[in-house]
Structure formats: structure tokens, C-alpha cells
Amino acid sequence: MLLRVGLSVQCLRPSLAQFLPKQTPITKLSYRPLCISSSSSISTLVSNSSKHSTSTFNGSLEPYLSCCMPHKRLKLAVLLSGGVDSSVALRLLHAAGHHCTAFYLKIWFQEDFENFWSECPWEEDLKYAKAVCDQVDVPLEVVHLTDEYWNNVVSYIIKEYRCGRTPNPDVLCNTRIKFGAFMDAVSSMEFDYVASGHYANIIHSSSDEKDKPSVLELSKDMVKDQTYFLSHLLQAQIKRLIFPLGRIPKDEVRELAKRFDLPNKDRKDSQGICFLGKIKFSEFVARQIGEMEGIILEAETGDFLGKHKGFWFYTIGQRQGLRLPGGPWYVVEKDVKNNVVFVSRNYFSFDKRRRLFRVGSMRWLGGLPPENFSHLRCKVRHGPGFYDCSLTMEHHDDGRGDVAVVHLSKDDQGIAAGQFAAFYQGQTCIGSGVILESWDDQGFPVCARALEIARMEDKSKLGKPVKIYFKPETPSSDSDCKDSSKVDRGLTSSQVSAMNRSVSC
């Protein structure tokens with residue numbers, strides 16, 4: 001039976017309606033019955049795994065149910081991807097006695113698109129998801145969010161890359177799709193909570209304190225912790241979420257998968273961006289934005305080092321993929337107007353490290369900013385690393401809203417405009433904002449000659465790129481490129497040959 005649920009932005013709850021972009025309303029969302037092609041390997045898994053249930057589980061599950069509200073009987077919508085984490089989350093919720101319905105989200109790259117691969121990876125994901133559900137007779141629905149994903153995530157990503165910024169697709173996917181469009185779509189189905197396999201911990205207030213905000217805390221596994229990707233949620237979204245894996249380390253999740261005898265117990269974790277599947281991100285950008293030849297210049301000297309296919313393929317701090325000799329080289333700045341990428345081998349030199357940057361689009365998970373901005377912690381990327389930090393709020397009346405100036409306790413070299421900075425008080429994630437281009441003149445110092453060359457209309461006059469073979473052990477401290485002859489450029493091929501001859505003697 002086909003169930004169609006029509007949606008528009010007007011029918012969303014007021015708080016979430018503000019969250020979704022007004023220019024890209026949700027036009028449809030539909031559930032479709034499962035229809036997957038046969039596969040001998042997956043069919044065997046389904047056949048074998050269906051014979052097992054929680055009755056075959058050796059050992060008590062009680063220590064693993066602390067984040068599952070085991071003393072209640074709830075009606076839950078469980079997001080299931082076909083991976084190990086979400087599958088274990090489903091089995092724990094089922095073991096806790098809740099009534100679960102699983103949902104598999106199909107998004108834009110997975111249908112009605114000329115794919116780069118011969119076999120769509122979502123089909124395998126869906127087969128595993130069905131096999132997991134069949135073990136315990138949990139119903140599985142397929143939810144199509146093609147238009148919603150394109151309008152609210154992909155279009156934004158493309159726009160940001162065209163402007164030279166580096167957005168975070170996973171943050172947007174969580175806020176706008178998994179716990180945005182989907183959550184509002186199922187709100188009429190009277191689920192008590194939406195659950196997923198995220199590594200984060202949510203603390204809900206007791207039933208007699210419903211007005212108190214729910215709290216997002218770090219997971220027990222700091223390497224896998226995903227609070228960074230959840231830091232831009234609204235309080236209205238957090239109040240409706242359960243994360244069963246919040247207090248379980250990844251290695252124990254793997255062990256639970258084996259003890260549950262899940263059909264995907266040995267499946268590797270997905271490492272890609274949430275919507276690309278097996279596609280390389282560079283291929284996606286090339287397909288959506290195209291290519292346009294530009295030049296690579298050394299920031300300190302203006303020397304012409306090579307060519308690139310478009311500034312949008314590079315992010316600040318990037319080292320891989322530059323293919324320049326004499327490195328390591330790092331992307332330090334981008335000239336969006338002239339399609340020029342500036343690089344340096346001195347990216348980690350002391351005088352060029354950043355401790356100060358701005359963030360906008362601030363969102364506080366509790367609804368209000370913290371009382372004290374002096375003793376916070378900050379993540380500028382996903383991972384276990386933190387910085388101690390303090391914030392200084394700037395209030396603007398020109399429509400830009402509040403902007404926070406972030407002061408880090410230590411230096412960081414990978415701060416890129418468009419990424420998110422997440423803030424913490426102890427173990428609690430309190431909110432996040434988008435990193436802005438304005439650095440209070442703290443950006444990497446690109447010299448006047450490099451800026452002048454970047455503005456040249458006819459760059460064919462530059463001739464062939466300068467060849468540099470390796471970085472000198474003691475780099476020059478002179479960063480003024482008005483007289484580029486004073487800058488140590490490393491050794492040429494003839495100098496390398498001469499040195500090798502002298503060593504061999």
C-alpha cells in the first residue's frame with residue numbers, strides 16, 4: 001500500500017519552519033512498500049539471521065540499555081541505514097520493550113540521477129536493513145526525500161563552494177533532513193521519539209519538569225563522538241531524540257552486533273559524506289560546478305607554481321592533492337574573483353597561526369546563550385580534539401544577527417570559512433555557529449606581488465611554473481616579497497645533482 005504524506009513549510013511547527021529555508025519549501029514526502037531485487041548473498045543472510053532473536057543472546061543486556069529508557073514502553077521511529085551502529089541501536093530499543101518502526105531514508109543521489117557507479121550502493125544498504133528488521137519482526141518503511149535533500153542540503157553546498165567556502169554536509173543532513181524534514185513528516189504518526197545510531201548522549205528532563213531543556217552530552221567513545229555534527233540542532237528537535245549508543249564504546253557496539261548475530265555484523269563503517277555513497281567529493285563538485293583552469297601561487301613570493309581546475313576544489317589547510325614538488329605545501333588563501341589558489345610551505349610557522357576567528361548563525365541548544373562566555377571548550381572539526389576558548393559577542397543591527405569572536409587557547413591551522421565551530425561546557429554541547437571569512441586581519445599574509453599577479457587578466461604571460469625540489473631545512477624568515485631574490489626558493493635540479501655528486505665523493 002502506498003501512503004503519501006503531503007507537506008509544506010506552512011504545516012510545520014513554527015520553530016522548525018524557521019529552521020528550513022523559506023525559498024525551498026518541502027513539496028512532498030512519500031512512503032513506499034519495500035521492493036528490493038534478489039541477491040543470493042543477502043538472501044542467505046536474511047534466511048540465517050531470521051532464525052535468531054534476543055533469546056539467543058548470551059549475557060545480560062541491562063548494562064547497555066541506560067540510554068534506551070528501558071522502564072517505559074514507547075512508540076519509536078528508528079532511522080536505519082543498513083550499517084552496524086543503527087542496527088545495534090534498533091536491537092537495543094527492541095530489547096528494552098519499545099514498539100519500533102524502522103525507516104530507511106532514500107535521498108537525492110540514490111535515484112533519478114545519472115550515477116557514476118554501475119551498481120547503486122543504497123540497494124545493498126536496504127537489503128541489510130531489511131535483514132536486520134526481519135530478525136525481530138520490526139516493520140521497515142522506505143522514505144523518499146529526494147526533493148527535500150536537494151533543496152535543503154545539496155543546493156546550499158553548491159552555493160557555498162561557488163563562494164569559496166567549505167560547508168559541512170553532515171551537519172546540514174542532521175539538522176535539515178534526518179531530524180528536520182523527516183521528523184516533521186512523522187510527527188502526525190504519534191511517535192514518542194525518533195531514534196538513531198549516533199554516538200551522542202541526550203539527557204531528557206523528568207516528566208514533572210517538562211519545561212526544562214533536554215541536554216546534548218558527549219558520548220562515552222570520544223573518537224566516535226558525533227556531537228559536533230549535532231551541535232546545530234534546535235531544542236525542539238533534541239527533545240524528540242533518543243541515541244541508544246550514547247554510553248557504549250564502538251568496540252562494544254561491534255561485540256553486541258556479533259552477540260545479536262546481526263547480518264551486517266562484519267560490515268565496515270561508512271567513511272564518505274552522507275549523500276555521496278561511493279562517489280569521490282571532487283567528482284561531485286566537478287559534476288555540479290564544473291571546472292575552470294586557474295593558477296597556483298606561492299603566498300610569500302608570488303611565484304607561479306602550477307595550475308588547478310577551480311578554487312572550489314580546495315579548502316584552507318589542505319595538503320593532499322596539490323601535486324607540487326618540494327613540499328609539503330598547504331592551501332592558505334583563495335582569490336575567488338580571480339580563481340587563484342595561494343599555497344605555502346610555512347603554514348605551520350609560529351607567526352602565521354590563528355587563535356582568533358569569528359562565527360555567525362549562532363544557535364544555542366538550550367535556546368539561550370550561556371551565562372558565562374569565559375570558560376568554554378571548542379571543536380572546529382569532528383574528532384576527539386578540543387580547545388579551551390572564550391567568546392566575545394558582537395551585536396549587529398544590520399540583519400546579520402549576533403556574531404561571536406572566538407579566542408582559542410592554542411593555535412589551529414585548519415580553520416576554514418563555512419565549517420562549524422561547536423562549543424561545550426564540560427561534557428555538554430551548548431551550541432555552534434558557522435565560521436566566517438573575517439579574521440580580524442589574522443589571515444595568512446599574502447604578499448603584494450602575489451596579489452598583483454592574481455589580478456592579471458592574461459596569465460599566459462607567466463610562462464612555465466617555477467620548479468622547487470625540496471624545502472630548505474632553515475626557511476627564510478624574510479616574508480617580504482618585494483625583492484623575491486631574497487627568499488630562499490630551495491634547490492634547483494642542477495644544484496641537487498651537484499650536491500649528490502659531492503656526497504658520493
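Student: Is asparagine 339 buried or exposed, and what is its relative accessible area?
Tutor: In this predicted model, local features need pLDDT of at least 70 and side-chain atom pairs count only at pLDDT 80 or more, while totals for chains, interfaces and linings use all residues. Residues are numbered from 1 along each chain as its sequence is written, and side-chain values use heavy atoms, with hydrogens and water left out. Buried means under 20% relative accessible area, exposed over 50%, and partly exposed in between (1.4 Å probe, protein chains only). Asparagine 339 is buried, its relative accessible area being 4%.

Student: Where does asparagine 339 lie?
Tutor: Asparagine 339 has phi near 55 degrees, a positive value in a residue other than glycine. Strands (E, at least two residues) and helices (H or I, at least four) are DSSP runs, numbered from the N terminus. Asparagine 339 is placed in the loop between S12 and S13.

Student: How many bridges join S12 to strand S13, and which residue stands opposite tyrosine 330?
Tutor: Two strands pair if DSSP finds at least two bridges between them. S12 and strand S13 (residues 340-344) run antiparallel and are joined by 5 bridges. The residue opposite tyrosine 330 in S13 is serine 344.

Student: Which strands stand at the edges of the open sheet?
Tutor: The open sheet is formed by 4 strands in the order S11-S10-S13-S12, with mixed pairing. The two edge strands have a single partner strand each, so one side of each is left without a neighbour in the sheet. They are S11 (304-308) and S12 (330-335).

Student: What does the twist average from one strand to the next?
Tutor: Axes are lines fitted to C-alpha atoms, for helices over the stretch in contact, and angles run from 0 to 180 degrees between N-to-C directions. From one strand to the next, the twist averages 30 degrees.

Student: Which peptide bond is cis, and what is its omega?
Tutor: The proline concerned, proline 328, is in the loop between S11 and S12. The cis bond runs from glycine 327 to proline 328, with omega near 10 degrees.

Student: What is the relative accessible area of serine 361?
Tutor: Serine 361 lies in strand S14 (residues 354-364). Although serine 361 is not a glycine, it has a positive phi of about 50 degrees. Serine 361 is partly exposed, with a relative accessible area of 49%.

Student: How many helices and strands are in the protein, and what share of its residues count as buried?
Tutor: The protein has 12 helices and 19 strands. Of its 505 residues, the share that count as buried is 51%.
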